[in-house]
Amino acid sequence: MTRKFIVGGNFKMNGSVSSLNTLIEGLNQGDLDSNVEIVVSPPFVYLDQVRKSVRKDIAVAGQNCYHKTSGAYTGEVAPEMLKDLGIEWVILGHSERREIFKESDDEIGAKVAHALKTGLKVMACVGESLEEREANKTTEVVFRQLAAIAKQINDWSDVVVAYEPVWAIGTGKVATPDQAQEVHKAIREWLSTNVSAETAAATRIMYGGSVNAGNASTLAKEEDVDGFLVGGASLKPEFVTICNAKA
Ligand code: PEP
């Protein structure tokens, strides 16, 4: 089973009209590996600007969305609205959403289900904290987060799992290739047991957490690492090098 390598750039709450124009211009001129699927994710207010200006072989993702279609949910954005703007992807369950905004496993499962029903493709983030890793609870936590999603969806064909150990996000402390591979393999086995062997073989599992131009190519060699979700480095010219790490 060949899984197309996928690299996402999560800009988080960063950027301005002008800085994103410069960033996107750099990507548009970049020499990017055509075998890699690339998705960039600016803040909501810049989605339309980025979608209209980015080259057509790069897709755009929202960083979140709600699990309702419309209504009295001040401050929220419906997946239908993302679709309406021509956005193809959404990142859900990012650890910052889980930690800072207290999104529960079940809420994230509901968001994934609604986003898929709307026709969006989903990067579903899972990952353990340092405390959980040190207590040998990595797979317990990751499997619990996956199960909350599996409970609400049947079809994983538009889902990419992003394994993002919380201790590696924005810390400069990247997982070693062995650490990443170990968890990615466990996720694939979990999918095989709990969803289906076909889903396990076909589902892409991205690694996220302090990926940069220096460590990407080593991580990309691991058998079950099918891509990266990149935060800080996606705002820098080195993002092009990361996108080409599999070449
Ligand atoms: C992220 O926010 O998804 C992420 C992986 O961040 P960073 O690359 O900065 O660690």
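How many bridges join strand S4 (residues 89-92) to strand S5 (residues 121-126)? Four, and the two strands run parallel. Strands and helices here are DSSP runs, numbered from the N terminus: E of at least two residues for strands, H or I of at least four for helices.

Before going on, note that this is a predicted model: local features need pLDDT of at least 70, side-chain atom pairs count only at pLDDT 80 or more, and totals for chains, interfaces and linings use all residues. Residues are numbered from 1 along each chain as its sequence is written.

**Stop 1: the barrel.** Stay on S4 and S5. Select Leu92 and find Ala124 of S5 opposite. Now show S1 to S8. They form a closed barrel of eight strands in the order S1-S2-S3-S4-S5-S6-S7-S8, with parallel pairing. Two strands pair if DSSP finds at least two bridges between them. Neighbouring strands are turned by 25° against each other on average, direction ignored.

**Stop 2: helix H5.** Select residues 105-118. This is H5, which lies across S4 and S5 and runs at about 175° to S4. Axes are lines fitted to C-alpha atoms, for helices over the stretch in contact; angles run from 0 to 180 degrees between N-to-C directions. Contact means C-beta atoms, placed from the backbone, within 7 Å.

**Stop 3: H5 against H7.** The axes of H5 and H7 come within 8 Å and cross at roughly 45°. The two helices are therefore oblique to each other. Oblique covers what is left after under 35 degrees (roughly parallel), over 145 (roughly antiparallel) and 65 to 115 (roughly perpendicular). On H5, pick Asp105, Asp106, Ile108, Gly109 and Val112; on H7, pick Arg144, Gln145, Ala148 and Ile149. These contact residues divide into four nonpolar, two polar and three charged. Ala, Val, Leu, Ile, Met, Phe, Trp, Tyr, Cys and Pro count as nonpolar, Asp, Glu, Lys and Arg as charged, and the others, Gly among them, as polar.

**Stop 4: H7 against H8.** From H7, Thr138, Thr139, Val142, Phe143, Leu146 and Ala150 make the contact, with Val183, Ala186, Ile187, Trp190 and Asn194 from H8. Eight of these residues are nonpolar, three polar and none charged.

**Stop 5: the ligand.** Finish with the 14 residues around the ligand, where Ile169, Gly170, Gly208, Gly231 and Gly232 come nearest. A residue is near if its C-beta atom, placed from the backbone, lies within 6 Å. The shell has five nonpolar, seven polar and two charged residues.

Terms used: Two residues are in contact if their C-beta atoms, placed from the backbone, lie within 7 Å.
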